[in-house]
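Here is a short briefing on one protein model. Keep the sequence and the 3D view open as you read.

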Amino acid sequence: MQLTQPRVPPLPESEWDDETRDLLESLRRDGQVYNIFATLARHPQLLKRWLVFGGHVLGKSSLPAREREIAILRMGSLCRAEYEWGHHVAIGKQAGLTDDDIKRISEGPDAMGLDPFEATLLRAVDELHANTFIGDSTWKALAERYDTQQVLDFLFTAGQYKLVSMVLNSVGVQLEDGFEGFQNETQG
């Protein structure tokens with residue numbers, strides 16, 4: 001379910017204290033503070049601590065950017081988190097994903113034309129989403145390519161974006177103009 005209005009609206013700039021202003025100004029991109037950050041600024045201590053973990057997952061993980069974005073987009077699709085989907089379509093394209101790749105991600109691990117390891121990534125996200133557990137055959141396929149740190153980063157990436165999707169959907173963070181929503185995505 002997508003909320004058309006936020007349950008927790010972004011904190012207006014007129015209500016930012018000095019600490020919040022410093023924090024949010026550091027997150028300004030393309031002249032704006034995205035709704036996710038302005039919304040979470042209603043709990044600045046949580047936002048600060050979450051940014052450390054999120055910063056690892058998004059920028060310091062041992063996963064290749066393309067594979068990280070495949071996992072994030074699949075979880076966003078499964079959770080029907082349009083905000084996450086929209087932002088990570090843009091990030092995924094910067095990481096080399098094409099429109100066809102993104103369509104296959106939304107279709108799932110059995111989509112035609114998927115690279116076999118990328119299908120494994122999708123299958124692993126599907127299993128985590130449905131069962132909070134990766135089955136033996138999928139685990140084996142991941143471990144054939146990933147070392148222990150990469151497997152852990154993969155697990156935390158999927159988990160981080162399920163958590164973020166639950167928060168975004170529940171509080172109703174609205175997607176900013178200029179980002180692709182689900183209009184071109186079909187759930188697999």
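**A buried glutamate**

At 8% relative accessibility, Glu-67 counts as buried, because the cut-off for buried is under 20%. The model is predicted. Glu-67 sits in helix α4, which covers residues 65–78.

**Around Glu-67**
- Beyond its neighbours within four places in sequence, Glu-67 is in contact with Phe-117, Leu-121, Arg-145 and Tyr-146.
- With Tyr-146 there is a polar contact, side chain to side chain, at 2.6 Å.
- Glu-67 and Phe-154 are 87 residues apart along the chain. Their C-alpha atoms are separated by 8.9 Å.

**The two sides of helix α1**
- Helix α1 runs through residues 18–25, and its buried residues include Thr-20, Leu-23 and Leu-24.
- These three cover an arc of only 90° around the axis, so they lie on the same side of α1.
- Which residues are exposed on the other side of α1? They are Asp-18 and Asp-22.
- The cover over the buried residues of α1 includes α2 (35–40) and α3.
- Asp-17 caps the N-terminal end of α1. One of its side-chain oxygens lies 3.2 Å from the backbone nitrogen of Glu-19.

**A nonpolar patch on the surface**
- Phe-53, Leu-152 and Phe-156 form a nonpolar patch on the surface. Together they have about 270 Å² of accessible area.
- Phe-53 belongs to helix α3 (residues 44–60).
- Is Phe-53 buried or partly exposed? Its relative accessibility is 31%, so Phe-53 counts as partly exposed. That class lies between under 20% for buried and over 50% for exposed.

**Positive phi in two loops**
- Asp-30 is not a glycine, yet its phi is positive, about 50°.
- Where is Asp-30? Look in the loop between α1 and α2.
- Asp-30 has 75% relative accessibility and therefore counts as exposed.
- Thr-132 is a residue other than glycine with a positive phi, near 50°.
- The loop that holds Thr-132 lies between α7 (116–131) and α8 (136–145).
- Thr-132 counts as exposed because its relative accessibility is 65%.

Definitions and conventions. Residues numbered from 1 in each chain as written. Predicted model: local features only at pLDDT ≥ 70, side-chain atom pairs only at ≥ 80, totals over all residues. Heavy atoms only, no water. Patch = residues over 30% accessible without salt bridge, like charges linked within 9 Å, V, L, I, M, F, W, Y side chains within 5 Å. Areas by Shrake-Rupley, 256 points an atom, 1.4 Å probe, with all protein chains shown as cover. Salt bridge = Lys/Arg side-chain N within 4 Å of Asp/Glu carboxyl O. Helix = DSSP H or I, 4+ residues; strand = E, 2+ residues; numbered from the N terminus. Buried < 20%, exposed > 50% of the residue type's maximum accessible area, 1.4 Å probe, protein only. Arc of directions from axis to C-beta. Contact = heavy atoms within 4.5 Å. Polar contact = N/O pair within 3.5 Å; in protein donor to acceptor, adjacent residues only side chain to side chain.
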